[in-house]
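This report describes selected features of one structure, with each section taking up a separate topic.

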2 protein chains.
Amino acid sequence: MNEFDFIRNLKYKRSLNFVGDDCAILPKNSTEDFLISSDALVEEIDFRLDWASPELIGHRALAVSLSDIAAMGGKPTYSIVAIGLPTALWQAKFMDRFYDGWFELASKFEVTLVGGDISRTPAKVFIDSVVIGEVPTGKAILRSGAEAGHSIYVTGPLGGSAAGLRKLVGGERFNPSASDPLIEKHLRPMPQVQIGQQLRKSELVSSMIDLSDGLSSDLAHICRASGVGARIYANDIPFSAELMEFAGSVDVMLDLTLNGGEDFELLFTSPEPDLGSRLALDIFRIGEITPNSGVIELEREGKTELLPPGGFHHF
Amino acid sequence: MNEFDFIRNLKYKRSLNFVGDDCAILPKNSTEDFLISSDALVEEIDFRLDWASPELIGHRALAVSLSDIAAMGGKPTYSIVAIGLPTALWQAKFMDRFYDGWFELASKFEVTLVGGDISRTPAKVFIDSVVIGEVPTGKAILRSGAEAGHSIYVTGPLGGSAAGLRKLVGGERFNPSASDPLIEKHLRPMPQVQIGQQLRKSELVSSMIDLSDGLSSDLAHICRASGVGARIYANDIPFSAELMEFAGSVDVMLDLTLNGGEDFELLFTSPEPDLGSRLALDIFRIGEITPNSGVIELEREGKTELLPPGGFHHF
């Protein structure tokens, strides 16, 4: 059993109606709902201190939670940060630099820090990032609204973060003065907060999720929640010029995109087959929803193959 | 600099108006505010796997956050739990047992789990427990309302948790079928949720905090936030019969109470000198607020000594 199965089991066993999307939706008042997202970041699993500065880790901690708010079409408002760290990092002013990076991103989206906790750990850093957002009552975009015939879109080129990770594993490092776009995509992801709200306001989006676990996994989450299947057209997946140069082949680019996560673009569906033109948005149609519940197909060079969810899971 | 100083600095440097009490207070609607509390629990710092079962750790994770809501007079409603754990514990069904303990306490206070995150760690367990509560608009009890002449109260006997910790350090263990009250006080703290709300409804409480860091530290938090001082009467501090038997002397009991934390009773002030009788509540008056800003005195056997904050801090 992996963590996704565990959460599903817990949800049914304990009747947890609020659990299952990128954020929990809580009633706020007669016109708005609160969205709440929680993301755990663990040293050596989600980040490495020799790859990322404290500022970059601060940025990332907030960015991944903002991305969850974006994925439901919300406007982020407040955040709560819990951090555990060993004494040596405390003495080395890790926290000051962490919050420099955190507040730089927070000011961009007018997010206010409202609380948190600081703890010592025997070793290793862990962070829990909670972000609260707002959305008009009943208007949060769920994973469960996709229907057969709807088009599948993404907000930007995919696979870049996983390629950046490979470069880091290969020994390359982030250089702030001459930043590599793939490494930057991995270490300094930008959450799609504005476009998430535009998509929600259009009332033309039927389901949405952020690409954190990999296209194959995240699309499977939508298909499962909606009781549908999906067909992806390999030729329509957008890749950046830097990724093409790095990967050298479509096979590698597809592997990075399908099974490597953390692009933090939005993946969503719409009954509109030409939503980009209609909304004047730079988005990419990569496939369509099918009635074949749970079946995800990849069409490439006239052939169709089945796509098992191959993204990241912890257990 | 310890973590309390860091948070104070951050608050002023970044103008964080919501930070500084047991919970952040966020406007919900025209009649209610949301309270949000976050507590990090780290293996080997806040709990040990050879002392506490997964069920007890689940109980504790929720209890400490409920206590923060109680300290502001709120009613807890929702919770979000982020957990990181190593693969071996995942395989050993740690999570199932953790949530058994968690839900047992949650059902007592009608708290709904609305979200969270699960992550693998290289080693060690960490937990971030977030609880959301509600309170009528503007009625949350802050740390900052104590005034000279107000009486200082606690809701129950102190020092028991620190004594239980000493027993555990000394090799004694929790036995569910013949539970030691001091060890139980340490491992299974009960948050004072009902009395916290009763006190708030009375409109006779001027400041409140929960006793998590130790009486000397937590009282110092109230004095600092309120710009006042305090005088405590050693003879009026309530101790349990079990603590008297364990400690053997007033010196030891006072040390456990003043410098050992985690009793999770409430510490509060009121202009009423006889609040227990007036509200028919089993509470204990232990001293009074003085105008001597920042000065905390302990009166014992006719002598007055100054009390430095000696409670737990991480750094």
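Predicted model: local features only at pLDDT ≥ 70, side-chain atom pairs only at ≥ 80, totals over all residues.

## Strand E6 of chain A

In a regular strand, side chains alternate between the two faces of the sheet. In strand E6 of chain A, which spans residues 151–154, both faces are covered, with A:Ser151 and A:Tyr153 buried on one side and A:Ile152 and A:Val154 buried on the other.

E6(A) pairs in the antiparallel sense with strand E9 (residues 266–270) of chain A over four bridges, and within this pairing A:Ser151 has A:Ser270 as its bridge partner. E6(A) also pairs in the antiparallel sense with strand E10 (residues 284–290) of chain A, again over four bridges, and here A:Tyr153 stands opposite A:Arg285.

## Helix H5 and its packing

Helix H5 of chain A, residues 160–169, is mostly covered, seven of its ten residues being buried. The buried residues of H5(A) are A:Gly160, A:Ser161, A:Ala162, A:Ala163, A:Gly164, A:Lys167 and A:Leu168, and they pack against helix H6 (181–187), helix H9 (241–247) and H10 of chain A. Just after H5(A), A:Gly171 takes a positive phi of about 110°.

Two packed helices are described by the angle between their axes and the distance between the axes. For H5(A) and helix H10 (residues 250–259) of chain A, the axes come within 7 Å and cross at roughly 100°, which means that H5(A) is roughly perpendicular to H10(A). H5(A) contributes A:Ala162, A:Ala163 and A:Arg166 to the contact, while H10(A) contributes A:Val252, A:Asp255 and A:Leu256; by class, this contact of H5(A) with H10(A) has four nonpolar residues, no polar residues and two charged residues.

## A buried glutamate in chain B

B:Glu265 lies in the loop that joins helix H10 (250–259) and strand E9 (266–270) of chain B. B:Glu265 has a relative accessible area of 5% and therefore counts as buried, the cut-off being under 20%.

Leaving aside neighbours within four places in sequence, B:Glu265 is in contact with B:Thr155, B:Gly156, B:Pro157, B:Leu158, B:Lys185, B:Gln192, B:Ile209, B:Asp210 and B:Leu211.

## Relation of the two chains

Two copies of a chain are related by a rotation about an axis and a shift along it.

Conventions: Residues numbered from 1 in each chain as written. Chains lettered and ligands numbered in written order. Heavy atoms only, no water. Buried < 20%, exposed > 50% of the residue type's maximum accessible area, 1.4 Å probe, protein only. Helix = DSSP H or I, 4+ residues; strand = E, 2+ residues; numbered from the N terminus. Pairing = 2+ DSSP bridges. Axes fitted to C-alpha atoms, helices over the stretch in contact; angles between N-to-C directions. Parallel < 35°, antiparallel > 145°, perpendicular 65-115°, else oblique. Contact = heavy atoms within 4.5 Å. Nonpolar A, V, L, I, M, F, W, Y, C, P; charged D, E, K, R; others polar.
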